[in-house]
Amino acid sequence: MTLTPAPTTPGPARAVLVLEDGTRHVGRPYGAEGITLGEVVFSTGMSGYQETLTDPSYAGQIVLQTAPHIGNTGMNEEDPESRRIWVSGYIVRDPSRVVSNWRANSSLDDLLVRDGIVGIRGIDTRAVTRHIRAAGSMRGGIFSGADAERDPEEQLRLVTEAPEMSGRNLSAEVSVAETQVTPAAEGVARIGNLAVLDLGVKQATLDNLAARGFDVHVLPQTATIDDIRAVDPVAVFYSNGPGDPAASDGHVAVLREVLDEGLPFFGICFGNQLLGRALGLGTYKLPFGHRGINQPVLDKATGRVEITAHNHGFAVEAPLDGAFDSPNGYGRVEVSHVGLNDRVVEGLRALDIPAFSVQYHPEAAAGPHDANYLFDRFRDLVVATISEKDAQ
C-alpha cells in the first residue's frame, strides 16, 4: 500500500516566507495574518520560547525556532520577560495542537494573534537554518493569508526595500518611557541604588539584581548623565537590547561619563558592545549571530566552560590574549570570556577601573544557570568599591 503525503498547504490558507535573495518557502499561517518584515535569524533553544518571544532584544527580527515542536507548554502570566511579544515574525515547523502544562493561561498562537505577530508554520525549518548558516542572516518577510497571494515580485521588492539591521538604533522602541523602580529583595542586605539604562532589559535581569541587594532604578534609554546622577547610584548597569551598537553613540557618550566618574559598571549583551565602544574598541556584525541557550563560553579567569544563553548579531573586536591598553584612555583591558564555537569575544574586563561586561545572558530564565555567578561578581565589585571610597 502506497501512502501519498498530504499537501503542506491545503486550501486557500497559505503563508509564504520570502528571503531577500529570492528564496521562498510556502507554509500555512500561524498567529496573526498579514505582512511582516525583518531580519530572519534562528534560535537553537529547545525550550524557553516564551522568554525568546518576550525578549526585547529580538525587536526587528523574524525568529525561526530550530526545535521542530513549539507551543506544547502554552504561555503563562509568570514568565514574560517584558510587557509584550517583541519579535517581528515567527517561524516554526510543527506548532502544538494542544496546550499541556498546569501553569498555562493561554496558547502560544492566541498570544501571537493578540500582539499582532505574523507567523508561518509547516515549512522545512532545517532547510532555512542551513541556508542562513551558509549565506548569513538576511532580510525576509512573511506574507500570510490574502497577502500570500500577492505577486512574488512585489513580495520580494517589499523585502529588499526593508531596512537592514546594520545602522539601526531600536532601543527607543523597547525602552520604558519613564523611570521604574524594583526594590531590593526582602531579607537581603541593601547595597544602594542601581541605575539601569533600559535598552531592552528583561525582567529576570531586574529580579537577579534586586536579589543581590540593589534598589533597581530602570531609566529610559534617553537618560543623560544628570538623570543617572539624580538616582544617587552606587553603580550603573547597561542592559541587553536590539540594534547596531555603532548606531548608539549617545549611549556610548553617557557611558564614558559614567566611567570617568569611577562608578562601577556592568553590561550584558548590547551593554557589552557599548562598553567595548566606550573603551575605544570596534564592533562588527556576525554572519548569522548567536541565538539560543546552548552556547559554550570559556571563562579565562577560571578555565571553566559555561553553557550560556545568547541573543546577539554583533560582537566586539579585541585581542583575545593578554591585556591591552584602552584606546580611549581607561587603562588596561582584557578579554575575559571567549566563545568556543567561533572564538568571538564574549566578555571584557577593565583592569584599572571597576567595569566589566559579558556578551551573553547570565539571567537565563529559561536556560542554563552556569553564568548566574556574574551577578554576584558585580555585587562584590560594587561593595569593594564602596569600601575603598569609605576608607579614603
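Guide: We can go through an annotated site, some individual residues and then the salt bridges.

Visitor: What kind of model is it, and how are residues numbered?

Guide: This is a predicted model, in which local features need pLDDT of at least 70 and side-chain atom pairs count only at pLDDT 80 or more, while totals for chains, interfaces and linings use all residues. Residues are numbered from 1 along each chain as its sequence is written, and side-chain values use heavy atoms, with hydrogens and water left out.

Visitor: Which residues does the "binding site" annotation cover?

Guide: The UniProt annotation, from an unreviewed entry, covers Ser-57, Gly-241, Gly-243, Phe-270, Gln-273, Asn-311, Gly-313 and Phe-314. Those residues span 258 residues in sequence, yet no two of their C-alpha atoms are more than 13.4 Å apart, so they gather at one spot. UniProt positions are given in the numbering used here, feature names are shortened, and annotations may be inferred rather than shown by experiment.

Visitor: Where does Gly-241 lie, and is it buried or exposed?

Guide: Gly-241 lies in the loop between strand 13 (233-238) and helix 8 (249-260), where helices (H or I, at least four residues) and strands (E, at least two) are DSSP runs numbered from the N terminus. Gly-241 is buried, with a relative accessible area of 8%; buried means under 20% relative accessible area, exposed over 50%, and partly exposed in between, with a 1.4 Å probe and protein chains only.

Visitor: And what does Gly-241 touch?

Guide: Not counting residues up to four places away in sequence, Gly-241 touches Ser-57, Leu-199, Gly-200 and Phe-270, with contact meaning heavy atoms within 4.5 Å. Ser-57 and Phe-270 are themselves among the residues in the annotation.

Visitor: What about Asn-311, buried or exposed?

Guide: Asn-311 lies in strand 16 and counts as buried at 6% relative accessibility. Beyond the residues up to four places away in sequence, Asn-311 touches Asp-55, Ser-57, Tyr-58, Gln-61, Cys-269, His-290, Arg-291 and His-361.

Visitor: Where is Gln-273, then?

Guide: Gln-273 sits in helix 9 (residues 270-279) and is buried, at 2% relative accessibility. Leaving aside neighbours within four places in sequence, the contacts of Gln-273 include His-312, Phe-314 and Gln-359.

Visitor: Changing topic, which charged residue is buried yet has no salt bridge?

Guide: That is Glu-346, and the nearest side chain of opposite charge, Arg-343, is 11 Å away. Here Lys and Arg count as positive and Asp and Glu as negative, while His and the chain ends are not counted, and a salt bridge is a side-chain nitrogen of Lys or Arg within 4 Å of a carboxyl oxygen of Asp or Glu. Glu-346 is found in strand 19 (residues 345-350), and its contacts, leaving aside neighbours within four places in sequence, include His-290, His-310, His-312 and His-337.

Visitor: How many salt bridges does the count come to?

Guide: By that rule, the count comes to 22 salt bridges. One of them joins the side chains of Asp-215 and Arg-190, at 2.3 Å from N to O. That pair links distant parts of the chain, with Asp-215 in strand 12 (residues 214-219) and Arg-190 in the loop between strand 10 (180-182) and strand 11 (192-197), 25 residues apart.

Visitor: Are those two partners buried or exposed?

Guide: Asp-215 is buried, with a relative accessible area of 14%, whereas Arg-190 counts as exposed at 51% relative accessibility.

Visitor: What does Arg-332 form a salt bridge with?

Guide: The partner of Arg-332 is Asp-352, with the closest N and O atoms 3.0 Å apart. This pair also links distant parts of the chain, as Arg-332 is in strand 18 (residues 332-339) and Asp-352 is in the loop between strand 19 and strand 20 (355-358), 20 residues apart. Arg-332 is partly exposed at 40% relative accessibility, and Asp-352 is partly exposed with a relative accessible area of 43%.

Visitor: Which residues are linked in a network of salt bridges?

Guide: Arg-212, Asp-376, Arg-379 and Asp-380 are linked in such a network. Within that group, Arg-379 forms a salt bridge with Asp-380, the closest N and O atoms being 3.3 Å apart.
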